[in-house]
Amino acid sequence: MPSQKPSPAQPSIPAALVHYVARGLIERSVSIKILPTLIREISPAPLPPDAFLSAGLNAPLSQWRLNPHHEAPTLFSRLKKTLNVGSQVCNITWAQLIASEPHQPTAQLVFAPLALETSADMLRDFECFPNWFADEGVLLFAHFAAGGLPELVNAQPEWLDLLSHWPNIMDAGARLQALRFGLPVLDVESVPLAYTDCATMWHDVNALLPQLSAMDDDSREMWHAKLQQLFDQGLRELSVQVLYGQVWQVRAPKQLSDTHTVSLESLTSQLEQRRTYK
């Protein structure tokens with residue numbers, strides 16, 4: 001049997017963009033009035049711990065680096081973990097992130113910048129959110145939203161065919177309400193990305209549009225040529241729409257008891273009201 005050609009690795013979203021979004025989530029957390037015993041960051045590129053401390057988030061911090069595929073820890077990272085040297089960041093795969101079991105140990109305040117970009121269906125995978133944080137806790141998440149890369153779509157409308165995986169804010173809000181998250185807090189920000197060379201722009205477009213990596217070489221080259229044409233015509237900036245959200249933990253509805261108690265005073269009053277006199 002002939003060996004299969006390995007599929008190319010999906011380019012990663014630039015760490016600087018992930019960090020920008022993560023800091024945006026931290027800024028949006030200032031109005032949250034809880035005292036967490038554990039803070040967790042789930043991110044393709046975790047922030048330096050000082051970013052949380054400088055924002056007054058002083059609770060113990062657990063950071064999980066999200067990898068699309070399982071990566072065995074290097075000897076150096078295992079040695080650091082054994083000796084407890086430096087800030088420890090644990091690797092987690094997409095399969096582990098969306099597993100049906102609650103994340104342990106549970107965190108009351110969770111930041112998840114662009115953690116859903118590996119998802120094939122973001123709105124569907126919102127159903128995993130309750131496992132990510134504790135009762136009485138808050139999850140702050142962010143992902144790319146519809147309306148991104150207008151510079152490509154306006155110049156070459158065929159790019160729109162590759163953008164259908166980004167949900168809009170209305171659909172996101174409706175999905176969260178259907179999952180009984182109450183009234184989620186959502187807002188959208190347009191984030192510009194500047195470039196000085198087409199190679200970097202092409203890398204980032206591949207990271208933003210995973211359909212490109214699944215194409216054959218001829219199809220990918222066709223899209224590359226389209227982008228190169230726009231770059232040669234002066235395109236130096238792209239923009240993405242980032243949806244920021246806050247949700248509180250789902251609460252199970254209180255069950256009504258089958259046993260009802262009535263005070264003696266209430267029963268006597270009802271009997272007196274029903275009594276008739278001749």
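Guide: A word on terms first: a residue is buried under 20% relative accessible area, exposed over 50% and partly exposed in between, using a 1.4 Å probe and protein chains only. This is a predicted model, in which local features need pLDDT of at least 70 and side-chain atom pairs count only at pLDDT 80 or more, while totals for chains, interfaces and linings use all residues. Residues are numbered from 1 along each chain as its sequence is written, and side-chain values use heavy atoms, with hydrogens and water left out.

Visitor: OK. How many helices and strands does the chain have?

Guide: There are 10 helices and seven strands. These are DSSP runs numbered from the N terminus: helices are H or I with at least four residues, strands are E with at least two.

Visitor: And what share of the chain is buried?

Guide: Of its 278 residues, 41% are buried.

Visitor: Which residues touch the most other members of the largest nonpolar core?

Guide: Phe129, Trp132, Trp159 and Leu209 do, in a core of 76 residues. Strand β5, residues 138-145, supplies the largest share of this core, with seven residues. A nonpolar core here is a set of buried Ala, Val, Leu, Ile, Met, Phe, Trp, Tyr and Cys residues joined through side-chain atoms within 4.5 Å.

Visitor: Take Trp132. What does it touch?

Guide: Not counting residues up to four places away in sequence, Trp132 touches Arg40, Ile42, Leu97, His103, Val110, Ala112, Leu116 and Leu139. Contact means heavy atoms within 4.5 Å.

Visitor: Changing topic: helices. How do α8 and α9 cross?

Guide: The axes of α8 (residues 198-208) and α9 (residues 217-232) come within 10 Å and cross at roughly 130 degrees. The axes are lines fitted to C-alpha atoms, for helices over the stretch in contact, and angles run from 0 to 180 degrees between N-to-C directions.

Visitor: What is that angle called?

Guide: The two helices are oblique to each other. Under 35 degrees would be roughly parallel, over 145 roughly antiparallel and 65 to 115 roughly perpendicular; the rest count as oblique.

Visitor: Which residues make the contact?

Guide: From α8, Cys198, Met201, Trp202, Val205 and Asn206; from α9, Arg220, Trp223, His224, Leu227, Gln228 and Phe231.

Visitor: How much of α8 is buried?

Guide: Eight of its 11 residues are buried, so α8 is largely enclosed by the rest of the structure. Among the buried ones are Asp204, Ala207 and Leu208.

Visitor: What covers them?

Guide: The cover on the buried residues of α8 includes β5, α6 (150-155), α9 and β7 (237-248).

Visitor: And what does Gln211 touch?

Guide: Gln211 is found in the loop between α8 and α9 and is partly exposed, with a relative accessible area of 24%. Leaving out residues up to four places away in sequence, Gln211 touches Leu162, Leu163 and His165. Leu163 is 48 residues from Gln211 along the chain, and their C-alpha atoms are separated by 9.1 Å.

Visitor: Now the backbone. Which peptide bond is cis?

Guide: The bond from Gln104 to Pro105 is cis, with omega near -10 degrees. Pro105 is found in the loop between α4 (94-97) and β4 (109-113). Most peptide bonds are trans, and most residues other than glycine have a negative phi.

Visitor: Where is Arg180, and what is its phi?

Guide: Arg180 has a positive phi of about 70 degrees although it is not a glycine. The residue is found in the loop between α7 (169-178) and β6 (185-194) and is partly exposed, with a relative accessible area of 48%.

Visitor: What about Glu136?

Guide: Glu136 has a positive phi as well, near 65 degrees. Glu136 is found in the loop between α5 (122-125) and β5 and counts as exposed, at 54% relative accessibility.
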